[in-house]
Amino acid sequence: AVASDGTVYSLASDKGAKNWTTTIPGAPVAGPAVSAATIWIALKGGLIVAIDSKTGKILFQHKTDGEVVGKPLADPDTRRAFYATKNGNLTCIEAP
């Protein structure tokens with residue numbers, strides 16, 4: 001779950017216990033997307049953050065060429081995500 005203050009929470013699916021929390025550097029545009037073991041979050045101001053879903057560690061941050069429209073679209077089998085910007089561009093990025 002992603003709070004409006006930039007806190008990301010991982011909760012256990014069986015009892016809802018907190019696994020980890022991390023803070024992202026901005027407010028989310030929309031909810032997260034998940035691919036393989038990566039959580040993707042688009043932030044206001046044109047930034048995409050990739051987070052390791054097991055540890056909560058921020059893997060990398062990607063500056064976009066404009067404001068992101070909605071949440072990224074994650075490829076469930078890879079560490080890739082696609083996003084669109086208000087400029088009309090569609091881009092694919094991959095977590096390390």
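Visitor: What should I know about the source?
Guide: The model is predicted, so local features need pLDDT of at least 70, side-chain atom pairs count only at pLDDT 80 or more, and totals for chains, interfaces and linings use all residues. Residues are numbered from 1 along each chain as its sequence is written, and side-chain values use heavy atoms, with hydrogens and water left out.

Visitor: Which strands form the open sheet of four strands, and in what order?
Guide: Strands (E, at least two residues) are DSSP runs numbered from the N terminus, and two of them pair if DSSP finds at least two bridges between them. Here the order is S3-S4-S5-S6, with antiparallel pairing. Strand S3 (33-35) and S6 are at the edges with a single partner strand each, so one side of each has no neighbour in the sheet. From one strand to the next the twist averages 25°, where axes are lines fitted to C-alpha atoms and angles run from 0 to 180 degrees between N-to-C directions.

Visitor: How many bridges join S4 to S5?
Guide: Six bridges join strand S4 (residues 38-43) to its antiparallel partner S5. Leu43 stands opposite Leu47 in S5. The two strands make a hairpin with three residues between them, and Gly45 in the turn has a positive phi of about 95°.

Visitor: What lies between S5 and S6 in their hairpin?
Guide: Five residues lie between the strands, and Gly56 takes a positive phi near 85°. S5 and strand S6 (residues 58-63) are antiparallel and pair over five bridges. Val49 has Gln61 in S6 as its bridge partner.

Visitor: Why is S5 largely enclosed by the rest of the structure?
Guide: Buried means under 20% relative accessible area, with a 1.4 Å probe and protein chains only. Six of the six residues of S5 (residues 47-52) are buried, so the strand is largely enclosed. Leu47, Val49 and Ile51 point one way, while Ile48, Ala50 and Asp52 point the other way, and all are buried.

Visitor: Which strands make up the open sheet of three strands?
Guide: The order is S7-S8-S9, again with antiparallel pairing. Strand S7 (73-74) and strand S9 (90-94) are the edge strands, each pairing on one side only. Strand S8 (residues 80-84) and S9 run antiparallel, joined by five bridges. Tyr83 stands opposite Thr91 in S9.

Definitions and conventions:
Buried means under 20% relative accessible area, exposed over 50%, partly exposed in between (1.4 Å probe, protein chains only).
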